[in-house]
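Please look over the structure below with these notes beside you.

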Amino acid sequence: MKRRDFLKTAGGAAALAGTSPLAATLAGCVPDSSRDVPFTVWTWVHGNRDYDADKWRRRFARLRESGFHAVLVGGGDIELVSAAAHAEGLEYHRWFWTMNRNGDTWAQETHPEWFTVSRNLESSLDHPPYVGYYKWVCPSRASVREYLSGRVGELAANPAVDGVHLDYVRHCDVILPRGLWETYDLVQDTEHPEFDFCYCGGSSRVDNLM
């Protein structure tokens, strides 16, 4: 879209959105047939253990003034952060890392066998691919599915939580987007074993190695 056409569209959307410039601009990308549906703007927010209630409220106030309607927060005390978000008129959704369990000390220490295994038989717990926080559990294990279901259920049952946002609902990337190859000094024109998961004891794929 040319800049002139974009500005024209965004300007027309301002009347539709009525409040924030951000919502107005984004609304300009919505087809006419969908504009009778309420349009909301959400954002991910990383938790900060150093924030007290006042700091959270100031942060959320800036987001609300910028046109956001909901926050997807990872980390932080649920009740404290939720209360701050609600006080500023924002929905509070818990940002849940599903298969990537980098911050899950309990799972790492209690069930190291849950973590995915590459085709060269290295655990993502001990040898995380690409970056240090790529520590994944394998959904082929019933115990993993039960554990994650329980964790999500607990969050969803909490009245302070408006919703649960599931992220990393997948395995590790076996091939990264082309634009990231140089970042990791890789050429991935084929599937390399150290990035190909899962070959743990809970997966039928391990039979291919026998």
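1. The angle between α3 (residues 53–65) and α4 (residues 78–87) is about 40°, and their axes lie 9 Å apart. The crossing is right-handed.

2. The model is predicted, so local features need pLDDT of at least 70 and side-chain atom pairs 80 or more, while totals for chains, interfaces and linings use all residues. Residues are numbered from 1 along each chain as its sequence is written, and side-chain values use heavy atoms, without hydrogens and water.

3. Which residues of α3 meet α4? They are Ala53, Trp56, Arg57 and Phe60, and they meet Leu80, Val81, Ala84, Ala85 and Ala87 in α4. Contact here means heavy atoms within 4.5 Å.

4. The whole structure has seven salt bridges. Each is a side-chain nitrogen of Lys or Arg within 4 Å of a carboxyl oxygen of Asp or Glu. One of them joins Glu88 and Arg57, with the closest N and O atoms 2.8 Å apart. Glu88 lies in the loop between α4 and β3 and Arg57 in α3, so the pair ties together parts 31 residues apart in sequence.

5. Is Glu88 buried or exposed? Glu88 counts as buried, at 10% relative accessibility. Arg57 is partly exposed at 38%. Buried means under 20% relative accessible area, exposed over 50%, and partly exposed in between (1.4 Å probe, protein chains only).

6. Arg57, Arg64 and Glu88 form a network of salt bridges.

Key
Axes fitted to C-alpha atoms, helices over the stretch in contact; angles between N-to-C directions. Helix = DSSP H or I, 4+ residues; strand = E, 2+ residues; numbered from the N terminus. Left-handed = near helix turned anticlockwise from the far one by under 90°.
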